Amino acid sequence: MKDNWFEISARKIWKQAKRKQRKKKRKNRRRGQKKSRVPQRYKVYIRGRYWTERKHRYFSAHAKRCAVCRTTQNVALHHLVYGNYGAERDEDLIPLCGRHHSIFHALHGVARNMKETTAEYVYSAAFEEEADRALRAIGTR
Ligand SMILES: [Zn+2]
Ligand SMILES: [Zn+2]
């Protein structure tokens, strides 16, 4: 009877310990999933594989050309809207070459929503670029 009582309580304790372990494992698994989610901090996101994949998807549907000067060299993908990383809509992204990308940010900095500033910039910069080309073609520049 005494042995039996001991056995029963030992099993109980063991079962409890096991349950605790399983709980811990589940918690860790959840934590792991959280870690593997798309980082929402821009600086982290922009260096990670989710952005690489997103860029790849964008350029498989759109030409890899600067929206301003049409070059295919050193083309970056600019965010018109920040946030929602990993699930950006195509219309919230626009390809810009290194030069036009840095000119844009030098002029306008960074804001959460840059739709209008980007549209205006691309429009006027492309116009200037075109005028430049025309002037060079007739030899005045
Ligand atoms: Zn350009
Ligand atoms: Zn940008």
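**Entry 1. Domains and overall form**

By domain bounds I mean those that come from an automatic or database domain assignment. On that basis I divided the chain into domain 1, residues 1-36, and domain 2, residues 42-137. I note at the outset that this is a predicted model.

I looked up how far the two parts lie from each other. The centres of domain 1 and domain 2, taken over C-alpha atoms, are separated by 53 Å. I then took the extent of the C-alpha trace, which spans about 110 × 25 × 20 Å along its principal axes. The chain has a radius of gyration of 28 Å, whereas a compact globule of 141 residues would have one near 14 Å. Buried residues make up 11% of the 141 residues.

**Entry 2. Order of the elements**

I found 5 helices and 2 strands in the chain. Read from the N terminus, the elements follow the order α-α-α-β-β-α-α. I also checked the contacts with a separation of 6 or more: 55% of them are between residues 24 or more positions apart.

Is R41 buried or exposed? R41 counts as exposed, because it has 8 C-beta neighbours inside 10 Å and the cut-off for exposed is 12 or fewer. I also looked up its distance to Y123: R41 and Y123 are 82 residues apart in sequence, and their C-alpha atoms are 29 Å apart in space.

I compared the span of helix α3 (residues 49-61) with expectation. At 1.5 Å a residue its 13 residues should span 18 Å, and the end C-alpha atoms are 19 Å apart, which agrees. Helix α3 is hardly covered, with 1 buried residue among its 13.

I repeated the check on helix α5 (residues 115-137), which has 23 residues. From first C-alpha to last, α5 reaches 33 Å, close to the 33 Å expected at 1.5 Å a residue. How many residues of α5 are buried? The number is 2 of the 23, so α5 lies largely in the open. Just after α5, I noted that G139 takes a positive phi of about 80°.

**Entry 3. The strand pair**

I examined the two strands together. Strand β1 (residues 75-79) pairs with β2 in the antiparallel sense, over 5 bridges. One pair I looked up is A76, whose bridge partner in β2 is L96. Strand β2 is mostly covered, as 4 of its 5 residues are buried.

**Entry 4. The nonpolar core**

Which residues form the largest nonpolar core? I listed 9 residues: C66, A67, V68, V75, I94, L96, C97, F104 and Y121. Strand β2 (residues 93-97) gives the largest share of this core, with 3 residues.

Leaving aside residues up to four places away in sequence, A67 touches I94, P95, L96 and V122.

**Entry 5. Positive phi away from glycine**

I recalled that most residues other than glycine have a negative phi. I therefore looked up exceptions in this model, given that general rule.

R70 is not a glycine, yet its phi is positive at about 70°. R70 is found in the loop between α3 and β1. With 13 other C-beta atoms within 10 Å, R70 is partly exposed, because that count falls in between the 12 or fewer of an exposed residue and the 20 or more of a buried one.

N84, likewise not a glycine, has a positive phi of about 55°. N84 lies in the loop between β1 and β2. Is N84 buried or exposed? I counted N84 as exposed, because it has 12 C-beta neighbours inside 10 Å.

Note on methods: Residues are numbered from 1 along each chain as its sequence is written. Chains are lettered from A and ligands numbered from 1 in the order in which they are written. This is a predicted model: local features need pLDDT of at least 70, side-chain atom pairs count only at pLDDT 80 or more; totals for chains, interfaces and linings use all residues. A nonpolar core is a set of buried Ala, Val, Leu, Ile, Met, Phe, Trp, Tyr and Cys residues joined through C-beta atoms within 7 Å. Two residues are in contact if their C-beta atoms, placed from the backbone, lie within 7 Å. The expected span of a helix is 1.5 Å times one less than its number of residues. The radius of gyration is taken over C-alpha atoms; the globule rule is 2.2 Å times the number of residues to the power 0.38. Two strands pair if DSSP finds at least two bridges between them.
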